[in-house]
Amino acid sequence: MSLAIILAAMPSSACLVKVGLKLDDIKYASVVVIGRIVDYEVVLDQAIRKNRKEELERSADKSSESWKLLSEQKHFLSDYARFKVLVDEVLVGQSPNVISVTWDNSTSREPEKMREGPYLIGLRAPGSKSPPLRGPSATILPSPEPKSLTVLQAPCAPAFILEATSAKAKAIREILGGAAK
């Protein structure tokens, strides 16, 4: 538990080296849909912010450069995004018309806003196998909302939220081949 707290208090990117998207990782998705993102919000980890504030207040050397960096930190690894997907088409798995989703973007912090889309979105069910580590470093925190589907993303790689008409989305449709509904 303490390791999770320490890691969550890290800056919002846990990857020293970012890697490219491996399209075959879509096979780790429990559900793949074409849909639009609504009600997007970044959820800030208030417990980590409170702990950081208390830690800084106890610190003896408030003039140090490290104290200054820590006090100015605005984004934390344990922050995440929450949104709904209005499903237009189901390519893999089963899905209701509206899905509640979380996105713990370990590669970089979550964007403040997202366009509605449409997007091809790969999602993982709670407890399902995740794609392997693609880079030399990563931190994987437990799902912030364990009952929600989460965006498919290999550690240190881009997320499977792709413009629905992009070349990558077209390639994923081809990879899915007969598996797509």
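Figure 1. The structure, which is a predicted model, holds 7 salt bridges, a salt bridge being a side-chain nitrogen of Lys or Arg within 4 Å of a carboxyl oxygen of Asp or Glu. Side chains of opposite charge can pair when their charged atoms come close. One of these bridges joins K84 to D39, with the closest N and O atoms 3.9 Å apart. This pair links distant parts of the chain, since K84 belongs to strand 2 (residues 80-92) and D39 to strand 1 (residues 31-43), 45 residues apart; helices (H or I, at least four residues) and strands (E, at least two) are DSSP runs, numbered from the N terminus. K84 counts as partly exposed because its relative accessibility is 33%, whereas D39, at 54%, counts as exposed. For these words, buried means under 20% relative accessible area, exposed means over 50%, and partly exposed lies in between (1.4 Å probe, protein chains only). A salt bridge also forms between R82 and E41, whose closest N and O atoms are 2.8 Å apart. Because R82 lies in strand 2 and E41 in strand 1, the pair ties together parts that are 41 residues apart in sequence. R82 is partly exposed, with a relative accessible area of 29%, and E41 is partly exposed at 35%.

Figure 2. Since R173 lies in helix 4 (residues 167-176) and E89 in strand 2, the pair ties together parts that are 84 residues apart in sequence. R173 is partly exposed at 33%, and E89 is likewise partly exposed at 29%. Elsewhere, R36, D88 and E116 are linked in a network of salt bridges.

Figure 3. The buried residues of helix 4 are A169, I172 and L176. Seen down the axis of the helix, these residues fall within an arc of 55°, so they line one face; the arc is that of the directions from the helix axis to the C-beta atoms. What covers the buried residues includes strand 1, strand 2, strand 4 (119-124) and strand 6 (161-163). The face turned away from the buried side carries the exposed residues A167, K170 and E174. Helix 4 is followed by G177, whose phi is positive, near 40°.

**Figure 4. The surroundings of V151.** V151 is placed in strand 5 (residues 149-151), and it counts as buried because its relative accessibility is 5%. Leaving aside residues up to four places away in sequence, V151 touches F83, V101, T102, W103, G122, L123, A159, F160 and I161, where a contact means heavy atoms within 4.5 Å. V101 is 50 residues from V151 along the chain, and the C-alpha atoms of the two are separated by 7.0 Å.

**Figure 5. Confidence along the chain.** The protein chain averages a pLDDT of 81, and 73% of the residues score at least 70; pLDDT is the predictor's confidence in each residue, from 0 to 100. Over residues 1-12 the pLDDT is below 50, and this stretch has 28 contacts in the model beyond near neighbours in sequence. Where pLDDT is low, the predicted coordinates should not be read in detail.

**Notes to all views.** Residues are numbered from 1 along each chain as its sequence is written, and side-chain values use heavy atoms, with hydrogens and water left out. In this predicted model, local features need pLDDT of at least 70 and side-chain atom pairs count only at pLDDT 80 or more, while totals for chains, interfaces and linings use all residues.
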